[in-house]
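Let's take a walk through this protein together. Keep the sequence and the 3D view side by side as you read.

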Amino acid sequence: MPRSARPLALLAALVLVPGLAACSTTVAMEPARLANDPACASVIARLPESISGQERRWTDAQATGAWGTPASILMTCGLEPPAPSTLPCRTFDGVDWLVDESQAADNRYTLTTFGRSPALQVYLDFDIASSGDVAQALGPLIREYLQPTGSACTAASDTTATPAPSPTP
């Protein structure tokens, strides 16, 4: 290629790069406040290639994961451990999860680990992926790398009723 044509070829290549980037399968996400926790790095490095038949995709934020096209499972590690909640708390495969069913009419659920630090949260499209598959795929990583805080799911029957005051004569 003649020397004078090189800058034009380089310019043409640079013009094509942004067009190719638009075809990327990267999922845009926001990192959690504690995303730089080494425990999250350990989890992210070992995420499964597929969950509930959905293939893993790249994300653009630290300590996140996504599966499916379009993304039907979104995971974020590095949240503050949640306080006791009135949300349903369920144990799957040795991990306690708070289950936010506020978008259940749209088959969308948010699962947040309970009693682990840092906490991990999964947004799930229940039309495409099952919470059981998510819990089974992520449970071993959560148990191994996210430290227990001592908090655990309890049932209403596990709590001690507060005694009623005695009537005064």
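**A tour from the strands to the loops**

The model is a predicted one, in which local features need pLDDT of at least 70 and side-chain atom pairs count only at pLDDT 80 or more, while totals for chains, interfaces and linings use all residues. Residues are numbered from 1 along each chain as its sequence is written, and side-chain values use heavy atoms, with hydrogens and water left out.

Now step back to the whole chain. It holds three helices and ten strands; helices (H or I, at least four residues) and strands (E, at least two) are DSSP runs, numbered from the N terminus. Read from the N terminus, the order of elements is α-α-β-β-β-β-β-β-β-β-β-α-β. The chain has 169 residues, and 34% of them count as buried, where buried means under 20% relative accessible area, exposed over 50%, and partly exposed in between (1.4 Å probe, protein chains only).

Strand 7 covers residues 108-114 and is largely enclosed by the rest of the structure, because five of its seven residues are buried. On one hand, strand 7 pairs with strand 6 (residues 95-103) in the antiparallel sense over six bridges; two strands pair if DSSP finds at least two bridges between them. Within this pairing, Asp-100 has Thr-110 as its bridge partner, and Val-99 has Leu-111. Four residues lie between the two strands of this hairpin, and Asn-107 in the turn has a positive phi of about 60°. On the other hand, strand 7 pairs with strand 9 (residues 119-125), again in the antiparallel sense, over five bridges.

From strand 6 you can move on to strand 5 (residues 89-92), its antiparallel partner over four bridges. Here Cys-89 stands opposite Leu-98 in strand 6. The hairpin of strand 5 and strand 6 has two residues between the strands, and Asp-93 takes a positive phi near 50°.

Finally, visit two loops. Ala-32 sits in the loop between helix 1 (6-21) and helix 2 (38-44). Is Ala-32 buried or exposed? Ala-32 counts as buried, because its relative accessibility is 15%. Beyond residues up to four places away in sequence, Ala-32 touches Thr-76, Cys-77, Gly-78 and Leu-79, a contact being heavy atoms within 4.5 Å. The C-alpha atoms of Ala-32 and Thr-64 are separated by 8.6 Å, although these residues are 32 apart along the chain.

Thr-64 also brings us to Thr-59, in the loop between strand 2 (54-57) and strand 3 (64-67). The side chains of Thr-59 and Thr-64 make a polar contact at 2.6 Å. A polar contact is a pair of N or O atoms within 3.5 Å; within protein, one must be able to donate a hydrogen and the other to accept it, and residues adjacent in sequence count only if both atoms are side-chain atoms.
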